[in-house]
Amino acid sequence: MQLVLRYLELWLSALGVAVILFLPSLVGVSRENYWHVTALVAISVGVVHGLIFWSVHRRQRMVRDRTVAQVRAMLRDDIHKQVAALLTMDSRATDRQRVQLDGVFDSMILLDHMLESLSTERLRDWTGSDEGRVEIEKGTRQAPSGRAPGLHVHRDSQN
């Protein structure tokens with residue numbers, strides 16, 4: 001079943017060509033009407049293909065949009081949990097720590113706005129852009145370096 005789904009477009013195209021070539025012969029069409037009937041069958045197969053491909057594409061788009069919405073909700077929930085933890089810290093913080101926490105809150109608000117703007121269209125635009133990706137170097141727990149994480153900009157060369 002996996003083989004059929006993986007190559008669905010090829011299987012449907014092969015089936016469509018077979019129907020176009022063999023259906024007029026199977027129903028016993030006369031020689032003078034053969035190409036006329038074959039053309040009508042080809043048009044019908046083309047319309048059916050179009051409807052199938054449109055519905056498959058539409059379903060895939062809906063699944064992608066739903067997945068992005070679920071990821072957005074999950075990340076928003078994580079951010080809200082962090083805000084709740086920071087709010088408990090804020091009640092016991094010194095004035096200097098409160099100033100630092102205000103900056104963290106501003107960053108979290110910015111992250112929340114960025115999450116709101118996530119969409120499959122934005123993802124497609126981002127993957128097709130030449131802006132590059134910024135990755136933060138992650139330190140290991142075994143050997144803490146004590147320094148700030150490094151930033152690395154990667155440019156895709158898939159053009």
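The legends below describe close-up views of a predicted model. Local features need pLDDT of at least 70 and side-chain atom pairs count only at pLDDT 80 or more, whereas totals for chains, interfaces and linings use all residues. Residues are numbered from 1 along each chain as its sequence is written, and side-chain values use heavy atoms, with hydrogens and water left out.

**Figure 1. Overview of the protein chain.** The secondary structure comes to five helices and two strands, in the order α-α-α-α-α-β-β from the N terminus. Helices (H or I, at least four residues) and strands (E, at least two) are DSSP runs, numbered from the N terminus. Of the 159 residues in the chain, 13% are buried; buried means under 20% relative accessible area, exposed over 50%, and partly exposed in between (1.4 Å probe, protein chains only). The accessible surface comes to about 13200 Å², and 61% of this belongs to carbon and sulfur atoms. Accessible areas come from the Shrake-Rupley method with a 1.4 Å probe, and for residues only the protein chains shown count as cover. Among contacts with a separation of 6 or more, 40% are between residues 24 or more positions apart, a contact being heavy atoms within 4.5 Å.

**Figure 2. The largest nonpolar core.** Seven residues make up this core: Ile79, Leu86, Ala93, Leu101, Phe105, Met108 and Leu115. Helix H3 (34-90) and helix H4 (95-116) are the elements that give two or more residues to the core, and H4 gives the most, with four. A nonpolar core is a set of buried Ala, Val, Leu, Ile, Met, Phe, Trp, Tyr and Cys residues joined through side-chain atoms within 4.5 Å. Leaving aside residues up to four places away in sequence, Ala93 touches Arg98 and Leu101.

**Figure 3. Arg76 and its salt-bridge partners.** Arg76 is in helix H3 and is buried, at 19% relative accessible area. Asp112 forms a salt bridge with Arg76, with the closest N and O atoms 3.3 Å apart. Asp112 lies in helix H4 and Arg76 in helix H3, so this pair ties together parts 36 residues apart in sequence. The two side chains also make a polar contact (3.3 Å), that is, a pair of N or O atoms within 3.5 Å; within protein, one must be able to donate a hydrogen and the other to accept it, and residues adjacent in sequence count only if both atoms are side-chain atoms. A salt bridge is a side-chain nitrogen of Lys or Arg within 4 Å of a carboxyl oxygen of Asp or Glu. Glu116 also meets Arg76 in a salt bridge (2.1 Å, N to O); this pair links helix H4 to helix H3 across 40 residues. Asp112 is partly exposed at 21%, as is Glu116 at 46%.

Figure 4. The side chains of Lys81 and Asp77 meet in a salt bridge (3.3 Å, N to O). Both residues lie in helix H3, four residues apart, about one turn of the helix. Asp77 is partly exposed, with 37% relative accessibility. Elsewhere, shared partners join Arg76, Asp112 and Glu116 into one salt-bridge network. The whole structure has three salt bridges.

**Figure 5. A nonpolar surface patch.** Leu15, Val17, Val19, Leu21, Phe22, Leu23, Leu26 and Val27 make a patch of about 760 Å². Patches are made of residues with over 30% relative accessible area and no salt bridge: like charges are joined within 9 Å, nonpolar side chains (Val, Leu, Ile, Met, Phe, Trp, Tyr) within 5 Å. Leu23 is in helix H2 (residues 8-26) and is partly exposed, at 35% relative accessible area.
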